[in-house]
Amino acid sequence: MKILAFDIWGDWALFKKFYTTASPLTFHFPPITTLKGIVGAILGLSNNPKDNNFYLEILGDYLFGIQIIKPIKTYRMGYNWIETKKAKYMQIMPPEKSRYQTIIETLKDPYYRVYVGSKEESSFWDKLVELIKNHKSIFTPFLGISEHIAEFKYVGLYNVNEIENSLKKFVSISSVVSIDGIDDISDFLKIESGKVYQRDKIPVEMDNNRKVTKYSTVLYEMNGRDLIIKLKKYWQLENGIRIYLFENKMDIPSSR
C-alpha cells in the first residue's frame, strides 16, 4: 500500500468540539471526519449521499493519519455572527438579534501533516496524488470553517508496512494515536520529561447522513513530539517514520 503525505496549515483554525455550544471549544487537530471532508474538497467530491461521487462512499476504504508539526497554540477571540435565517439573502437586517458575538476558542498558526492511504488503487486515488503534487484543488479546503482557508503542499508518496506489535514493545510514533485497542492501560506509555501529553475523544466515522457513528479516544503530544508507546499495530513508512492510521471499519450502504 502507498501512503500520500501532505502538509496543511493556515493562520487560524476551528475544529468545533461536539459537546460545546454557546462558547465553542476546538479540537487541537482536525478529526478524522474533518480530514475526509478536506480530501473530499480537494477531489471535488459531493456531500450529497444521492450523488455518484458522495465523498464518504468514495473514501470509504481510505486510511487517515494526522501528525502535529508545530506546537499547539489556542486563542480565545470574539466572532461576529449574523442570523441568516432572519436576514434572508442578507438584504434587510432585522434590528432584533440579527447580529451577535460569541467568544470562541481558536487555533493560531496550526500546522499538520496528513497521511492518506488507499487499499485499492483507483482513478480517485491517482487524481488525489496528482492534485496534491501540483498544488491544486477542485473546491477550496478550509480548517474547520470557511473563514479559515487551508494552505497545503505535497510531502511525499511512500510505501508502507503494517506491523503487528505482538511482543508489545515500546515504539516511537510520530502521529496522533488511538488508545481504544490497547491491552494494558496501566503500562502503555513511556512518560518523558518535557513532553506535554493530551487525551481527547474525536469523531472517526459517519453514516450517509453525516451523523457520527464512531468516536475514538486518542493521545498526542502538544508540541508534535513523538510518543513512546505500546500499540497493537502501527504503520512504518519506507523512510522509517512510524505512524498510526485510522481505518474505516463500517461499510457505508449505497443510497442509490
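The legends below describe close-up views of one predicted protein model.

Residues are numbered from 1 along each chain as its sequence is written, and side-chain values use heavy atoms, with hydrogens and water left out. Because the model is predicted, local features need pLDDT of at least 70 and side-chain atom pairs count only at pLDDT 80 or more, while totals for chains, interfaces and linings use all residues.

**Figure 1. Overview of the protein chain.** The secondary structure consists of three helices and 14 strands; helices (H or I, at least four residues) and strands (E, at least two) are DSSP runs, numbered from the N terminus. The chain has 256 residues, and 48% of them count as buried (buried means under 20% relative accessible area, exposed over 50%, partly exposed in between, with a 1.4 Å probe and protein chains only). Among contacts with a separation of 6 or more, 75% link residues 24 or more positions apart (contact means heavy atoms within 4.5 Å).

Figure 2. Strand 3 is joined to strand 6 by seven bridges, and Q67 stands opposite R113 of strand 6. Seven bridges also connect strand 1 with strand 6 in the antiparallel sense, where I3 has G117 as its bridge partner. Strand 7 (residues 151–164) and strand 13 (residues 233–237) run antiparallel and share five bridges; N161 faces Q236 of strand 13.

Figure 3. The order is 9-11-10 and the pairing is antiparallel. Strand 9 and strand 10 stand at the edges with a single partner strand each, so one side of each is left without a neighbour in the sheet. Strand 9 (residues 177–178) meets strand 11 over two bridges, with V177 opposite L219. Strand 10 and strand 11 pair over nine bridges; D200 stands opposite V218, and P203 has Y215 as its bridge partner. The hairpin of strand 10 and strand 11 has five residues between the strands, and R210 takes a positive phi near 60° there.

**Figure 4. Surroundings of L219.** L219 belongs to strand 11 and is buried, with a relative accessible area of 6%. Beyond residues up to four places away in sequence, L219 touches V176, V177, I179, F188, L189, Q198, R199, L227 and I229. The C-alpha atoms of L219 and D200 are separated by 6.7 Å, although these residues are 19 apart along the chain.

Figure 5. On a 1 Å grid over the protein atoms alone, a cavity is a set of points where a 1.4 Å probe fits but cannot get out, and a pocket is an open set with protein on both sides within 12 Å along at least five of seven lines; lining residues have an atom within 4 Å of a point. Grid points are joined across faces, edges and corners, and a volume is the space filled by probe spheres set on the points. The largest pocket holds about 700 Å³ of space. Its lining has 27 residues, of which T33, T34, G37, Y55 and G144 are the closest to its centre. Helix 1, strand 10 (197–206) and strand 11 (212–221) each supply at least two lining residues, and helix 1 gives the largest share, six residues. Two cavities of 30 Å³ or more are counted. The largest cavity holds about 60 Å³ and is lined by I68, I173, S174, S175, V176, Y220, E221, G224, R225 and L227.

Definitions and conventions. Pairing = 2+ DSSP bridges.
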